[in-house]
Amino acid sequence: ASGNDVRREAAFQDYLAAAELGDAWAEMRAGQGYCMGWGVHADQDRGVEWLRKAAADGNLEAKGMLAKALQLTGRH
């Protein structure tokens, strides 16, 4: 793994830990990580779940990402 990969994996773990504590920005970053495969194996379902949670918790950026993710995956 390259240095960038190792840093992305470490960052993703930090985002996920904060997301699990209810931080809306970290929820958005965890969703983005899952959707894009940044620091973790891509998992669209988990990504959308985290983006939904972040959007519900008031993160405006997550609302935009969620709309794009749903459009790309054909979901609602």
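These legends describe a predicted model, first as a whole chain and then in close-up views.

Figure 1. The protein chain has four helices and zero strands. Along the sequence the pattern reads α-α-α-α. The radius of gyration is 12 Å, close to the 11 Å that the globule rule gives for 76 residues, so the chain is as compact as a globular protein of that length. Its C-alpha atoms fill a box of roughly 35 × 25 × 15 Å along the principal axes. Of the 76 residues, 34% count as buried. Among contacts with a separation of 6 or more, 37% join residues 24 or more positions apart.

**Figure 2. Surface and charge of the protein chain.** The accessible surface comes to about 4800 Å². Carbon and sulfur atoms account for 52% of that area. The chain carries 9 positive and 11 negative side chains. The centres of these two sets lie 6 Å apart.

**Figure 3. Phe-12 and Tyr-34 form an aromatic pair.** A search of the whole structure finds two aromatic pairs. Phe-12 lies in helix α1 and Tyr-34 in helix α2, so the pair ties together parts that are 22 residues apart in sequence. Both Phe-12 and Tyr-34 are buried.

**Figure 4. Tyr-15 and Trp-25 form an aromatic pair.** This pair is edge-to-face, with ring centres 5.5 Å apart and 80° between the planes. Tyr-15 sits in helix α1 and Trp-25 in helix α2, ten residues apart. Tyr-15 has 21% relative accessibility, so it counts as partly exposed. Trp-25 is also partly exposed, with a relative accessible area of 43%.

**Figure 5. Glu-27 is a buried residue of helix α2.** Helix α2 spans residues 24-36 and includes Glu-27. The relative accessibility of Glu-27 is 0%, so it counts as buried. Leaving out residues up to four places away in sequence, Glu-27 touches Ala-19, Gly-22, Trp-50, Lys-53, Ala-54 and Asp-57.

**Figure 6. Ala-18 is a partly exposed residue of helix α1.** Ala-18 belongs to helix α1, residues 3-20. Its relative accessible area is 25%, so Ala-18 is partly exposed. Beyond its neighbours within four places in sequence, Ala-18 is in contact with Asp-23 and Ala-26. Ala-18 and Ala-62 are 44 residues apart in sequence. In space, their C-alpha atoms are 15 Å apart.

Definitions and conventions:
Residues are numbered from 1 along each chain as its sequence is written. This is a predicted model: local features need pLDDT of at least 70, side-chain atom pairs count only at pLDDT 80 or more; totals for chains, interfaces and linings use all residues. Side-chain values use heavy atoms; hydrogens and water are left out. Helices (H or I, at least four residues) and strands (E, at least two) are DSSP runs, numbered from the N terminus. Buried means under 20% relative accessible area, exposed over 50%, partly exposed in between (1.4 Å probe, protein chains only). Contact means heavy atoms within 4.5 Å. The radius of gyration is taken over C-alpha atoms; the globule rule is 2.2 Å times the number of residues to the power 0.38. Accessible areas come from the Shrake-Rupley method with a 1.4 Å probe; for residues, only the protein chains shown count as cover. Lys and Arg count as positive and Asp and Glu as negative; His and the chain ends are not counted. The place of a charge is taken as NZ of Lys, CZ of Arg, CG of Asp or CD of Glu. Rings of Phe, Tyr and Trp (its six-membered ring) pair if their centres lie within 6.5 Å; planes under 30 degrees apart count as stacked, over 60 as edge-to-face and the rest as tilted.
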